[in-house]
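Biologist: Please take a close look at one part of this model and go through it residue by residue. Give the cut-offs as you go.

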Amino acid sequence: MASDGKLHAFEEVAKHNKTKDCWLIINGKVYDVTPFMDDHPGGDEVLLSATGKDATNDFEDVGHSDSARDMMDKYYIGDIDMSTVPLKRAYIPPEQAAYNQDKTPEFIIKILQFLVPMLILGLAFAVRHYTKEK
């Protein structure tokens with residue numbers, strides 16, 4: 001961990017965005033919340049969603065208690081260099097599953113779900129018709 005008062009660049013802080021290595025920027029200060037990930041009442045997903053940006057609004061919107069604010073002191077590792085914080089953050093869309101243009105297997109299954117029962121029904125009628133006494 002860094003010593004108190006160290007000035008961190010935004011790019012450096014943004015790299016720490018994993019469950020085992022999580023840094024947050026709140027009110028111009030940098031916090032290494034990695035040891036707190038398992039204990040956070042909102043879960044680690046809440047903390048991870050606040051990485052790579054100024055999380056001040058996220059933190060204030062929740063309305064943390066005074067004890068939560070006091071707890072932050074032990075995770076403080078330095079200040080953010082405000083000149084490195086981008087004015088506007090580029091939107092990075094979440095990863096999505098690859099689009100399957102070839103839906104042939106799904107289409108075949110749907111057709112078979114319709115045709116197989118019809119074939120069985122037709123076969124039953126044919127057997128009944130040809131085995132019927134005249």
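Modeller: N27 lies in the loop between β3 (21-26) and β4; helices (H or I, at least four residues) and strands (E, at least two) are DSSP runs, numbered from the N terminus. This is a predicted model, in which local features need pLDDT of at least 70 and side-chain atom pairs count only at pLDDT 80 or more, while totals for chains, interfaces and linings use all residues. Residues are numbered from 1 along each chain as its sequence is written, and side-chain values use heavy atoms, with hydrogens and water left out.

The phi of N27 is positive, at about 55°, although N27 is not a glycine. Most residues other than glycine have a negative phi. With a relative accessibility of 48%, N27 counts as partly exposed; buried means under 20% relative accessible area, exposed over 50%, and partly exposed in between (1.4 Å probe, protein chains only).

K29 has D79 of β5 as its bridge partner. The charged end of K29 also sits over the ring of Y76, 5.5 Å from the ring centre. For that label, NZ of Lys or CZ of Arg must be within 6 Å of the ring centre and within 35 degrees of the ring normal.

The structure holds two aromatic pairs. In one of them, the ring centres of Y31 and Y76 are 6.0 Å apart and the planes are at 65°, so the pair is edge-to-face. Rings of Phe, Tyr and Trp (its six-membered ring) pair if their centres lie within 6.5 Å; planes under 30 degrees apart count as stacked, over 60 as edge-to-face and the rest as tilted. Because Y31 belongs to strand β4 (residues 29-32) and Y76 to strand β5 (residues 76-80), this pair ties together parts that are 45 residues apart in sequence. Y31 is buried, at 7% relative accessible area.

F36 and Y75 also form an aromatic pair, which is tilted, with 5.7 Å from centre to centre and 40° between the planes. F36 is in the loop between β4 and α2 (44-49), and Y75 is in the loop between α4 (66-71) and β5, so the pair ties together parts that are 39 residues apart in sequence. Both F36 and Y75 are buried.

As for β5, four of its five residues are buried, so this strand is largely enclosed by the rest of the structure. β5 also pairs with strand β1 (residues 6-8), in the parallel sense and over three bridges. There, K6 has G78 of β5 as its bridge partner.

H40 is also in the loop between β4 and α2, and counts as buried at 14% relative accessibility. Its side chain reaches the backbone nitrogen of G42 at 3.0 Å. Neighbours within four places in sequence aside, H40 is in contact with V46, L47 and H64, where contact means heavy atoms within 4.5 Å.

T19, in the loop between β2 (17-18) and β3, is partly exposed, with a relative accessible area of 32%. T19 touches T34, M37, D44 and L48, not counting residues up to four places away in sequence. T19 and T34 are 15 residues apart in sequence, and their C-alpha atoms are 6.8 Å apart in space.

Key. A polar contact is a pair of N or O atoms within 3.5 Å; within protein, one must be able to donate a hydrogen and the other to accept it, and residues adjacent in sequence count only if both atoms are side-chain atoms. Two strands pair if DSSP finds at least two bridges between them.
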